[in-house]
Amino acid sequence: MNELVFFINNVVISGTVTGSIYAMGAIGVTLVFSIMRFAHFAHADMMTLGAFMVLLLTTLFPNVGAVVGLPSALLLLPIAMALTAGAAVGIDRAFYKPLRAHDVKPIVMVIASLGVTLMLQGLIRLFAGTSSQSLYIAERKDIFRFELPFDLATRNIVVTEPQIILFVFVIVAVVSLHLFLSRSRLGKAMRAMSDNPDLARASGINTNTIVAVTWIIAGSLAAAAGTLLSLDVAFKPDLSFFLLLPIFAAAIVGGVGHPYGAIAGGFVVGFAETLAVFNWAVLLRPFRDSLPEWLDLPSNLALVGTEYKIVVPFFILVAILVWRPTGIFKGKVI
Amino acid sequence: MTRKLPIRELVLFAGLLVAVLAVYGLMGAAYSTRMLVEAACYAILALGLTIQWGYAGQFNAGVMGFVALGGFCAMLFSVPTNPAFWNTELPGELGRVLLYLVAAIALVYGATKLDRLGIPKRLRTFIAIVLAVVLYMAVIGAMREVTDEIESRAGFIGGLGLPTWVGWIFGGALAGGIGYFIGRICLGLRSDYLAIATLGIAEIIKAFLKNSDWLTRGTATVSPLPWPTPGPGELGFVLARAIYLSITAVVIAAIFFLLYRAYYAPWGRMIRAIRDNEISAAAMGKDINRRRLEIFVLGCILMGIGGAALTSFNSIFDPQGYLPLNHTFLVLVMVILGGPGNNLGTIFGAVLVYIIWIMSEPLALSVMHAVTALGEGWFGWEVGGNLDSRALQARVFVIGLLISLVLRYAPKGLIPEKVPQYD
């Protein structure tokens, strides 16, 4: 039973955590893709930017959280989300809009977003340095242990406070995004624009508003994802290229331009990563005695080592591009 | 076609010459020659990117990976052999595992063809996947044993002790091979996917080289790498570097000449036709994906050669020294600032941007020190540690800003591509 608990701790929980982070990033990427038709490479740095703003605010007010019993970083997250959303709209006005007005090819927009990536990276590292910092400044991270009601299970299932916050946040974010896209006027206009931009414009939809709303959603989700990731581990300024590939893989797996697909894709990539680095020998160990003689169990049965984790999203990306370039949910943009 | 005097080019290159001479005057001959050699290696990389981006409109965001592959080949072929490895039974063991690998690939490939024997396609896919996973685990397990043994007994497998130029050629070939694999998958799809995939493969190549201690010594780095020319120990820094510079100059001249011929040949016209209007090119019966693949692989080969030349010159193979900023985005700036699709402009951009890049390091440090001194004097700021490493991050910002500004205000670069007009 302890092996099962180990499996739950190392695969189910950590896969859900990674999957949620990737899903939130991939929603933003896929929305930008479907409205503006380019791959937004600066998205991972928007996540870092959001987390960095939370870090700044938490350093300024380290004790707000104690008032309501939540981590200060979480309480300050909405402010950081608003700031990042504003920054995203500002970046769009300053760097992407002039290029859109010149009607450049999508790949030029990709290069422009790489320029924005470098600018954000440079600024964040200039102010935050390159070392990792914890977002828990005045408090300590709570760790919950659940005992299983079996005699054989002596170990506990371990969940930390930021992980629970993350699960709750993701559910709330996904439900509200769904309601926004399916019920509200703006959400419907967004879907119309992603289906057919010319028709949407002709039927009187203000494309500038739609673009701004897209950036607000993408920016605030990115800020939340970055902050929750940093709460769980630590704030690392140079994570971006390692986050970017899984997020793009998730968006493409789910079908580009498909927000629900992006959520599914995020979890697919997240679980694939954790399953690939999990050492399967641990699960087989209880059956060691019943295995045939000639089959001796190696000590390490992980598919890839942790240092090659980035291979997994790449492999998924390649596989999906080879077999089903539209993604599992038939994306709109190929 | 009337030939005008190319005033713009002459002025720009004269300015560049003045800048180079100024660096010589300020920093001394040895330092400046080193800078020129590195700029020349970067020019090879930039030529590789300019044919991908300028000729064909493909954006490769993983130049770093191909540079690292070239550097790895330069290291593997030129470093002296390691007797602690070759005089044992370890090479045989390694060869056995590699044979297993080949056999496993052949088996899996065979399994994907099982439907020819009348097995249903779903069952075939299932068999192929299961077989691939099992064989993969078996080969990886065997590989781990051998590589651990190599690491503990011999350190790493060492080089092959061949002349350096062999490594450069194989570096180009290996980079081209990986480029072929990426291009086959991505070039038929949206142009963004190529950028994503190359970004990923670059990080994977770096991770592989960094963690394969048996092959590359990983973070322990391999040095010194031999030069194709007499080293500084025999001739002194300036002369040795000048000879190296002349070799890279010959390589650039050869590449430049071949590209010039190709650009004005029917092949070049076809490539530009595909870039400018895919649909009409396809309607004229051009095989778009095949041409795209050709040009992508060609660019990757040049990047491999350039990376090999750069790594040989630095005389140290350090997988962690390959950074996206230094080896991808710097090259990108060189190309888009100099003039994508214009080889002369690309070389101009490479030298200019590299001079700015090298000179910006002392500049950033002095600006940062001045600012903190002012801050302390006027506002009493507390200055944190690791200031110098932070100051260098300002360069990241500047490169990003440069990319954005060039795209906005000079999308054709300083020396734009000249499209010949036939009246």
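This report describes the two chains of a predicted model, their contact with each other, and a few local features.

**Chain composition and dimensions**

Chain A contains 13 helices and 2 strands. Its radius of gyration is 21 Å, close to the 20 Å that the globule rule gives for 334 residues, so chain A is as compact as a globular protein of that length. Chain B has 17 helices and 0 strands.

| Chain | Property | Value |
|---|---|---|
| Chain A | Span of the C-alpha trace along the principal axes | about 70 × 50 × 40 Å |
| Chain B | Span of the C-alpha trace along the principal axes | about 70 × 60 × 50 Å |
| Chain A | Buried residues | 45% of the 334 residues |
| Chain B | Buried residues | 39% of the 423 residues |

Sequence separation of contacts can be stated for each chain. In chain A, 76% of the contacts between residues at least 6 apart in sequence join residues at least 24 apart. In chain B, residues 24 or more positions apart account for 82% of the contacts with a separation of 6 or more.

**Domains of chain B**

The domain assignment divides chain B into domain 1, made of 7-78 + 163-376 + 387-409, and domain 2, which covers 83-155. The centres of these two domains, taken over C-alpha atoms, are separated by 35 Å.

**Contact between the chains**

On the chain B side, 38 residues are in contact with 41 residues of chain A. Five helices of chain B each supply at least two residues to this side: H6 (121-154), H7 (164-186), H8 (191-211), H15 (324-338) and H17 (387-409). By residue class, the side of chain B that touches chain A has 23 nonpolar, 10 polar and 5 charged residues.

**A helix pair in chain A**

Within chain A, the axes of helix H7 (residues 185-195) and helix H9 (residues 207-232) come within 10 Å and cross at roughly 100°. An angle of 65 to 115 degrees counts as roughly perpendicular, and H7(A) and H9(A) are therefore roughly perpendicular to each other. From H7(A), the residues A:Leu186, A:Ala189, A:Met190 and A:Met193 meet A:Thr207, A:Ile210, A:Val213 and A:Thr214 of H9(A). This contact comprises 6 nonpolar residues, 2 polar residues and no charged ones.

**Local features in loops**

In chain A, A:Leu303 lies in the loop between helix H12 (281-284) and helix H13 (311-323). A:Leu303 has 19 C-beta neighbours inside 10 Å and therefore counts as partly exposed, since burial requires 20 or more. A:Leu303 and A:Leu228 are 75 residues apart in sequence, and their C-alpha atoms are 28 Å apart in space.

In chain B, the loop between helix H9 (213-216) and helix H10 (232-235) holds B:Pro224. A cis peptide bond, with omega of about -5°, joins B:Ser223 to B:Pro224. B:Arg217 lies in the loop between H9 and H10 of chain B. Its phi is near 60°, a positive value in a residue other than glycine. With 22 C-beta neighbours inside 10 Å, B:Arg217 counts as buried.

B:Ser315 is in the loop between helix H14 (288-314) and H15 of chain B. B:Ser315 is not a glycine, yet its phi is positive, at about 65°. B:Ser315 is partly exposed, with 14 other C-beta atoms within 10 Å.

How values were computed:
Residues are numbered from 1 along each chain as its sequence is written. Chains are lettered from A and ligands numbered from 1 in the order in which they are written. This is a predicted model: local features need pLDDT of at least 70, side-chain atom pairs count only at pLDDT 80 or more; totals for chains, interfaces and linings use all residues. Axes are lines fitted to C-alpha atoms, for helices over the stretch in contact, and angles run from 0 to 180 degrees between N-to-C directions. Helices (H or I, at least four residues) and strands (E, at least two) are DSSP runs, numbered from the N terminus. Angles under 35 degrees count as roughly parallel, over 145 as roughly antiparallel, 65 to 115 as roughly perpendicular and the rest as oblique. Two residues are in contact if their C-beta atoms, placed from the backbone, lie within 7 Å. Ala, Val, Leu, Ile, Met, Phe, Trp, Tyr, Cys and Pro count as nonpolar, Asp, Glu, Lys and Arg as charged, and the others, Gly among them, as polar. The radius of gyration is taken over C-alpha atoms; the globule rule is 2.2 Å times the number of residues to the power 0.38. A residue is buried if 20 or more other C-beta atoms lie within 10 Å of its own, exposed if 12 or fewer, and partly exposed in between; C-beta atoms are placed from the backbone. Domain bounds come from an automatic or database domain assignment.
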